[in-house]
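Hi there,

Here is the structure I promised to pass along.

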Amino acid sequence: MSIFYIHWPFCLSKCDYCDFKSYVQKEIDLDQYLKEYKQKIDIYTKYNKNITSIYFGGGTPSLLSQYFVYELVQYIKTRFSVCNNAEITLEANPRTLDIHKALAFKEVGVNRISIGVQSIYDDGLQSIGRRSHTAREAIECVKLMASIFDNVSVDLIYNRPGQTTSEWKKELTETIYIFNNIQHISCYELILEKNTKLSMDIESGNKKKPIDTDEFLDITHDILDKNGFEMYEVSNFAKNGFYGRSNLSYWRYEDYYGVGDGAHSRVTVDDATKIAIEQVGTEQIVTKLTEQEVIKEKIIMGLRSTLCGIDEKFINDIQKITKLEKNSYIICKDRRVIITYEGLKRLNLVIRYILDV
Ligand SMILES: C[S@@+](CC[C@H](N)C(=O)[O-])C[C@H]1O[C@@H](n2cnc3c(N)ncnc32)[C@H](O)[C@@H]1O
Ligand code: SF4
């Protein structure tokens, strides 16, 4: 099983906290891009052809036309074996979607929309420098999308400059109340990426530093759990089993085929060989992974989700397993090691302990 990740790097405006490969550009040669994306898709035709999910991420892929999305989905469908119930996700900015565009995306096969809301308050958006939409636009967009799509996900950011834990509690409670028919929520703790405008604003004292506490995560977990959202990764919560299929594939260490400048891939060539491919411009940088690198990646990815886990044999010291289990950081089931909520809270420490680094 494999998935496609298609990266569209353009946005309406650059958010102050963003460290992604994303750009604001008016003139874009769409025909040229379409041609290049198809060439990049072709690279993978010699590998596993069973596709379970296609993910349009970015940047802001909802800026694309339904025609562009249709062309790529069809192109993949004619060259690979895309399963009937494949998940086709499109990341969206609230300002870029109206009823017509949403229906058009649905018609060309998109069946999951992931909306970047970040905050349901304007001052929350201002505090992180997200200027591409208002809170009202985000709220209206989510309500509209939930009336069109059966599978809607919302991204939020917490521990924003100046935000207290009680304010987050109130905001998350209100968010779930307003968005009562969405299936998935991703709640990310703000990461201050180097050289972003936001981290410079904080360094220079123009904005408050986020607080160093576990309390935000505990609040997030408790509120979402009480409202039927299962935490299956530190930032991801699903209702009724609506887990993000692409995310699950990464954590299960299944193959993924990245398309677009800067996109990464992991590809199984034969039982014993896994390669990494990075697309840089029109070039591909291919690296063969060693057995040790593959095991390390399997550990790092598999422990991220409570639904995945790793083979016990990857942890060569039985005492480590006993100690982690005693601290309730992992559970062992059917010779697999699975992370717990307590373990997720200290994931980096758990991984470093297992890897001896
Ligand atoms: C892959 S990003 C792209 C989504 C889309 N470009 C957008 O911003 O709406 C997915 C999510 O990551 C989160 N994110 C991006 N940068 C972040 C940061 N510095 N700290 C925490 N979360 C971040 C945001 O919630 C964002 O919606
Ligand atoms: S919309 Fe998303 S990708 Fe674009 S600048 Fe903002 S956070 Fe970055």
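How many bridges join strand β2 to strand β3, and do the two run parallel or antiparallel? Please keep in mind that this is a predicted model. In it, β2 (residues 50-58) and β3 (residues 81-92) run parallel, and 6 bridges join them. To get from β2 to β3, the chain passes through helix α2 (residues 66-79), and this β-α-β crossover is right-handed. If you want a spot to look at in this pairing, find F56, which stands opposite L90 in β3.

β3 also pairs with strand β4 (residues 112-118), again in the parallel sense, over 4 bridges. Here T89 has R112 in β4 as its bridge partner.

Which strands form it, and in what order? It is an open sheet of 3 strands, ordered β13-β15-β14, with antiparallel pairing. The edge strands, each pairing on one side only, are β13 (310-311) and β14 (330-333). Between β13 and β15 (residues 336-339) there are 2 bridges, in the antiparallel sense, and I310 has V337 in β15 as its bridge partner.

Finally, a helix belongs in this picture too: α11 (residues 318-326) packs on the sheet and touches β14 and β15. The direction of α11 makes about 120° with that of β14.

Happy browsing, and do write back with any questions!

Best wishes

Key: Residues numbered from 1 in each chain as written. Chains lettered and ligands numbered in written order. Predicted model: local features only at pLDDT ≥ 70, side-chain atom pairs only at ≥ 80, totals over all residues. Pairing = 2+ DSSP bridges. Right-handed = clockwise from strand over helix to strand, strands pointing away. Contact = placed C-beta atoms within 7 Å. Axes fitted to C-alpha atoms, helices over the stretch in contact; angles between N-to-C directions.
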